[in-house]
Amino acid sequence: MIYFRQFTQSLAQLENLCKQLYETTDTTTRLQAEKALVEFTNSPDCLSKCQLLLERGSSSYSQLLAATCLTKLVSRTNNPLPLEQRIDIRNYVLNYLATRPKLATFVTQALIQLYARITKLGWFDCQKDDYVFRNAITDVTRFLQDSVEYCIIGVTILSQLTNEINQADTTHPLTKHRKIASSFRDSSLFDIFTLSCNLLKQASGKNLNLNDESQHGLLMQLLKLTHNCLNFDFIGTSTDESSDDLCTVQIPTSWRSAFLDSSTLQLFFDLYHSIPPSFSPLVLSCLVQIASVRRSLFNNAERAKFLSHLVDGVKRILENPQSLSDPNNYHEFCRLLARLKSNYQLGELVKVENYPEVIRLIANFTVTSLQHWEFAPNSVHYLLSLWQRLAASVPYVKATEPHMLETYTPEVTKAYITSRLESVHIILSRDGLEDPLEDTGLVQQQLDQLSTIGRCEYEKTCALLVQLFDQSAQSYQELLQSASASPMDIAVQEGRLTWLVYIIGAVIGGRVSFASTDEQDAMDGELVCRVLQLMNLTDSRLAQAGNEKLELAMLSFFEQFRKIYIGDQVQKSSKLYRRLSEVLGLNDETMVLSVFIGKIITNLKYWGRCEPITSKTLQLLNDLSIGYPFLSCSVRKLVKLSAVQFMLNNHTSEHFSFLGINNQSNLTDMRCRTTFYTALGRLLMVDLGEDEDQYEQFMLPLTAAFEAVAQMFSTNSFNEQEAKRTLVGLVRDLRGIAFAFNAKTSFMMLFEWIYPSYMPILQRAIELWYHDPACTTPVLKLMAELVHNRSQRLQFDVSSPNGILLFRETSKMITMYGNRILTLGEVPKDQVYALKLKGISICFSMLKAALSGSYVNFGVFRLYGDDALDNALQTFIKLLLSIPHSDLLDYPKLSQSYYSLLEVLTQDHMNFIASLEPHVIMYILSSISEGLTALDTMVCTGCCSCLDHIVTYLFKQLSRSTKKRATPLNQESDRFLHIMQQHPEMIQQMLSTVLNIIIFEDCRNQWSMSRPLLGLILLNEKYFSDLRNSIVNSQPPEKQQAMHLCFENLMEGIERNLLTKNRDRFTQNLSAFRREVNDSMKNSTYGVNSNDMMS
């Protein structure tokens, strides 16, 4: 009685906490409730209390809490619930749903989620040779045979289960997920899909009462179920939604009958026309998936028949477009149209009986859609994608039937161009409308598509552009000359010209060399002349006013023009150059390049405070400068231009305002300076040779900046902000130069200029401002660039100590930064990367570059008692131990820098690794073990290499210790062997992980995985034997002999050594082993034990 009273009180408390969590507006109360409920979910009696909450809880929130807690309990990987208990929970949930149809929707959803999770995670669990969690259709049959409310629950269960099994989660291995998904696909999914289609047919056969909400609910759930079935990841590709256009639905061959039956396709088209528009998007989503069924499911005749039905359905929708006024319907229909071409060839489409009528309807629909540019702008992508693919196919179509694209493509091009121009005035005159030009990413994407569409029937495109451009340019010129012109009229013409410049750049960028004619090049010339004339006009006005969007469009145009018509591969006899000569007097490429450089200098002069224009202008300069080391003619011509010589001799803030340090912008806004100096460095190198005077002349502004910082540091009180700005700008400039100087002669000039004179200033900056990443990141990145032996530029003479001196400076900087950054203490999780991990990551990259540069003999440090190497390595260990394992893999840049450094250390400094404390060694081994299963292939490959070096070292030391006349092991090796013998489970764990990946996963770096595996097997022969027996025994009895034979063949001819010849033999055996195992396991529903080797 006392216990019951205590429980009743406890139940009331829990219900009150749930109410506070879900209903209160007070943040403090909600956080306290959340904390208390987290403690409840972790309590030992959580399971029994959840059941009592479901039985006796009076509020929906307490039922929700119970359902979510049970889901967490069944999902946990450590200390999982026993099989009997999970079966009981599953049965209890089904009964609970069957006896309480009036539950709150969110409670029903949470309970169905619980059922789906139990079913998925227990998919391979057996009880008396029966897979107890595979009876989903049987489980829901009683719901489907009852009233509409129960039927909805049954369909929702199947829908949620399909979705749950299709989604991988991070708490369980991906291999386990794929095995469950594959088994579910083969055993249950088609039955669920067939059931869903049959129920839809029944629902559409009866005249649906669309005023009945429960009927609505059933139809919606049936459509969701069907969509989940069609959206299933059938072959484990997990396609990203961003690659939507290329998606092919890999329907299994066993489903052929459903798609050969035209009634399946017809069902969805009929549903679309018979149900309210609010349901239609789901119907169209199903049709999009059906239209994307893989081509190889059909033979040619079957495909033609299927396509004919599909096109007929599309035609019917286009003839009755009323429902397309709903944005969601419209969007899905645009996706459906795009799939017509992404999955079928133009040669197949033109053979469809109604093709001429359908292409006319699609063209009209596209033109109307483009004219209503403000309606569903994100859907236009799919329409343009369709026309882009159609236009690109024209040269390759072999069918005799007319494709009629020469009629309709110009209409689409014209609609796009005119609609964008007409939008300008509407956007400027109405408040609240979004300007498409603000979204440069979307504009660029559409222009890329238009570049192909516009080149089809290019004469018509060009004539239209010339006509529209001349009208706008003339109006613009007249307005500028008129004293009474309104700013609105000028803004409208500038907006129209912005669109036209973007579009001209796009169609020029769409030129394909093998398909273009002299006439088309002459047309390009007409367009280029007009844009350059406009540029002359706008540049002449920059002292008074400028238009940022128009300038960005100009830069986009220049980038496209550069790619197509500038460079050694372009025929200088091109009709384009002839036209430029006639109209503008630009007789050759050198004169055209001078226009580019003139524009770049003008932009940097007038737009230095506008970051988007500055960065794009500098990117254009950078692209033009790329020619070294091949020294293309274009770059040589560029360097000879007086404007380029001016830049090389006058790179100061006086001429280029963005180099100034007195503005109020953030320190991070100086990034574009690196791009500028990379380009200048490349251009300087063209004629630099060994001319030190020319180099010193070029470096004068940077020398002055360094001297200024040195002067500030030498005084006790200085303007810290000014010092930071000067230094950050300077190191960003130097990093650009260091990146460009990838030849020995020029790099040595830079090295001798910076060392020893200015290195102490960089060290002092790190010492003063270690806590400010805006300062430390550029300094550390400069140092990492200086120690990077890019193109073997760091080649010191035999008698030069410079390699050792450079490493000393590197060690000093890493040690100083590392020791100081560790004094920061606790850093908030959302700031930990910016404040701490980013700097540490750069230090790791710096140390890796120095250790692997092959310009330092690291043996001399210990020999002469120099602690630079030890300091750097010990700092690395301190920094490493301050980082949780999870962070090493959560931040990609940190992962790559850490594992690439570890690879160098295990290869060349294994004695250092062996000398570490046991807990440090275990930390490093754990990080390797976790990295083996990382999604990043580079990280995974690096871990394999690290593991291979460690295992090889261990094997060699063990081999030496067992020889009769063995050389005594040094202290480090002896200690390392002892640690490994104390903790054999770590190496064994990695053996099972590697073997598991090779056998059961889509192993993309098999060669890398094979290298450490032989050493792991030779070090753990008994464990390997047990592992092999476990895998063999987990197979169905009829497959065990074949699996045993695979393992026998794996070790055939392999000796007990790690010589290269033996390793190569093992790698070959492993390839054959993996192939044989995959063949053996095909069509086999094997147990999960083999996959749980890691758990």
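The following legends describe close-up views of a predicted model.

View 1. With a relative accessible area of 5%, Q446 is buried. Beyond residues up to four places away in sequence, Q446 touches P377, V380, L384, Y416 and R420.

**View 2. The salt bridge between K549 and D435.** The structure holds 39 salt bridges. In one of these, the side chains of K549 and D435 meet at 2.8 Å, N to O. Distant parts of the chain are linked by this pair, whose members are 114 residues apart: K549 belongs to helix α24 (residues 548–565), and D435 to the loop between α19 (405–429) and α20. K549 is partly exposed, at 27% relative accessible area, whereas D435 is buried, at 17%.

**View 3. The salt bridge between D524 and R455.** The two side chains, of D524 and R455, meet at 3.3 Å, N to O. This pair also links distant parts of the chain, with D524 in helix α23 (residues 518–540) and R455 in helix α20, 69 residues apart. D524 is buried, with a relative accessible area of 0%; R455 is buried as well, with a value of 12%.

**View 4. E526 and R530 within helix α23.** A salt bridge of 3.0 Å, N to O, joins the side chains of E526 and R530. Both residues lie in helix α23, four residues apart, or about one turn of the helix. E526 counts as partly exposed, at 24% relative accessibility, while R530 is buried, with a relative accessible area of 17%. E526 and R530 belong to a network of salt bridges that also includes D470, R579 and E582.

Methods: Residues numbered from 1 in each chain as written. Predicted model: local features only at pLDDT ≥ 70, side-chain atom pairs only at ≥ 80, totals over all residues. Heavy atoms only, no water. Buried < 20%, exposed > 50% of the residue type's maximum accessible area, 1.4 Å probe, protein only. Contact = heavy atoms within 4.5 Å. Salt bridge = Lys/Arg side-chain N within 4 Å of Asp/Glu carboxyl O. Helix = DSSP H or I, 4+ residues; strand = E, 2+ residues; numbered from the N terminus.
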